[in-house]
Structure formats: structure tokens, C-alpha cells
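Subject: Structure for you to look over, with notes

Dear colleague,

I am handing over the structure below, together with an account of what turned up when I went through it. Please read the notes with the coordinates open beside you.

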Amino acid sequence: MKIKCLSSFLLVFFLFQGYSQTRDSQQLKSSYEEHFKHQREALHLHINKSVFYVGEEVWWTAYAYDKKLGEPSLATSNLYCGIYDADGNPIKEGMFLVENGKTHGSFELDNTFKNGTYFLRATTSWMQNFEEDQNFITPITILTQSPYEALTDH
């Protein structure tokens, strides 16, 4: 009798589990398709170094690409880029024209910058339509005096 009850229980359990997994798989597939229904952009900024001195310029090249197609994003026409302090406050910002998924620009480091870590951040208007944060952010260090200047000041 115990074996029949146990067998019946296991049969019902595995049937329910199979139905549940099928339903979960369908829901996962539906969520995945909905997520990628719209074009998703990603950005990458190329900078040649990560430590800068006041008086220099931070030069960069930006690449926008379509994550679904793996090609340059042709939909984006404006890139918003800026340098932000550790609290996320903008220090310098600009809007740059994107052509064929590529643009470039620079920010002059003037006397408003103090020694510290800052963040170079880039985004597009299209990216703001989605919950996930696809902004490009990279830390940079800015120094007010080069080591060579410090040696000659004495």
C-alpha cells in the first residue's frame, strides 16, 4: 500500500514539475524575445591613458554598436559625454554628432579640476528608454601638478 501511495505521489509530482518547467521555459523565452525586440545599443570609448594633468586634454573616440546585429549603430546621431566627479556631479559635458556609429571629442582640463578620480561617461538618448544601464563609464585620474613640475619647484 505504501509503495502505491508513494508511486502515485511521485507520478503527480513529476508531472507537475514537467508542466512547471515548460511554463517557466515559455515565460523565459517570451521575456527574452521582448527584451531584444527593440534595438539595444552599447557604447565604448577609447582613450589613450587614464592619468591626466591639468592643462592637458582628454581625447577620446566613441563607438556605438547594435548589440543584436553586432554592427555599428546607425540609429544614433547624438552622443552625450562628460566628465563627472566622484559624487556624480557634471564638471564638463558636451553633445557630439555620431556618424556611422562613430564620433570623437575632447575635454580640456582647466583649473576647475583638483587632484582626484573623475569619471568619463557617455550615453545616448536611445539608451534612456531601457531599465538597464548601458552607459559607458570609466575612471580617470586628474592631477594638478606633474611630477616633473614638483621636482623643479624646489
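What follows is a description of the fold, its sheet, its core and a few individual residues.

Please bear in mind throughout that this is a predicted model. The chain is built from two helices and nine strands, and along the sequence these elements come in the pattern α-β-β-β-β-β-β-β-β-β-α. Of its 154 residues, 28% count as buried, and the chain exposes about 10800 Å², of which carbon and sulfur atoms supply 56%. Among the contacts with a separation of 6 or more, 62% are made by residues 24 or more positions apart.

Five of the strands form an open sheet with mixed pairing, in the order 2-9-8-5-6. Strand 2 (51–53) and strand 6 are the edges, each having a single partner strand, so one side of each is left without a neighbour in the sheet. From one strand to the next the twist averages 25 degrees.

Taking the pairings in turn, strand 2 runs parallel to strand 9 and is joined to it by three bridges, with Phe-52 having Ile-142 in strand 9 as its bridge partner. Strand 9 is in turn paired with strand 8 in the antiparallel sense, over seven bridges, and here Ala-122 stands opposite Phe-136 of strand 9. Strand 8 and strand 5 are also antiparallel, joined by five bridges, and the bridge partner of Tyr-80 in strand 8 is Thr-123.

There is a further pairing to look at, between strand 3 and strand 7, which run antiparallel and are joined by seven bridges; Thr-61 has His-104 of strand 7 as its bridge partner.

The nonpolar core

The largest nonpolar core has 23 residues, and those touching the most other members are Leu-45, Trp-60, Leu-79, Cys-81, Ile-83, Leu-120 and Ile-140. Two or more residues each come from strand 1 (41–47), strand 3 (57–66), strand 5 (78–84), strand 8 (116–123) and strand 9 (136–143), and strand 3 gives the most, with four residues. In general terms, nonpolar side chains in soluble globular proteins tend to be buried together.

Leaving out residues up to four places away in sequence, Ile-83 touches Val-58, Asn-89, Pro-90, Ile-91, Lys-92, Phe-107, Leu-109, Phe-113, Tyr-118, Phe-119, Leu-120 and Ile-140.

Aromatic pairs

The count of aromatic pairs comes to three. In one of them, the rings of Phe-96 and Phe-107 have their centres 6.0 Å apart and their planes at 90 degrees, so this pair is edge-to-face. The pair links distant parts of the chain, since Phe-96 lies in strand 6 (residues 90–97) and Phe-107 in strand 7, eleven residues apart.

A loop residue

Finally, I would draw your attention to Thr-76, which is found in the loop between strand 4 (71–72) and strand 5. Is Thr-76 buried or exposed? Its relative accessible area is 6%, and because the cut-off for a buried residue is under 20%, Thr-76 is buried. Apart from its neighbours within four places in sequence, Thr-76 is in contact with Glu-41, Val-98 and Thr-124.

With best wishes

Note on methods
Residues are numbered from 1 along each chain as its sequence is written. This is a predicted model: local features need pLDDT of at least 70, side-chain atom pairs count only at pLDDT 80 or more; totals for chains, interfaces and linings use all residues. Side-chain values use heavy atoms; hydrogens and water are left out. Buried means under 20% relative accessible area, exposed over 50%, partly exposed in between (1.4 Å probe, protein chains only). Contact means heavy atoms within 4.5 Å. Accessible areas come from the Shrake-Rupley method with a 1.4 Å probe; for residues, only the protein chains shown count as cover. A nonpolar core is a set of buried Ala, Val, Leu, Ile, Met, Phe, Trp, Tyr and Cys residues joined through side-chain atoms within 4.5 Å. Two strands pair if DSSP finds at least two bridges between them. Rings of Phe, Tyr and Trp (its six-membered ring) pair if their centres lie within 6.5 Å; planes under 30 degrees apart count as stacked, over 60 as edge-to-face and the rest as tilted. Axes are lines fitted to C-alpha atoms, for helices over the stretch in contact, and angles run from 0 to 180 degrees between N-to-C directions.
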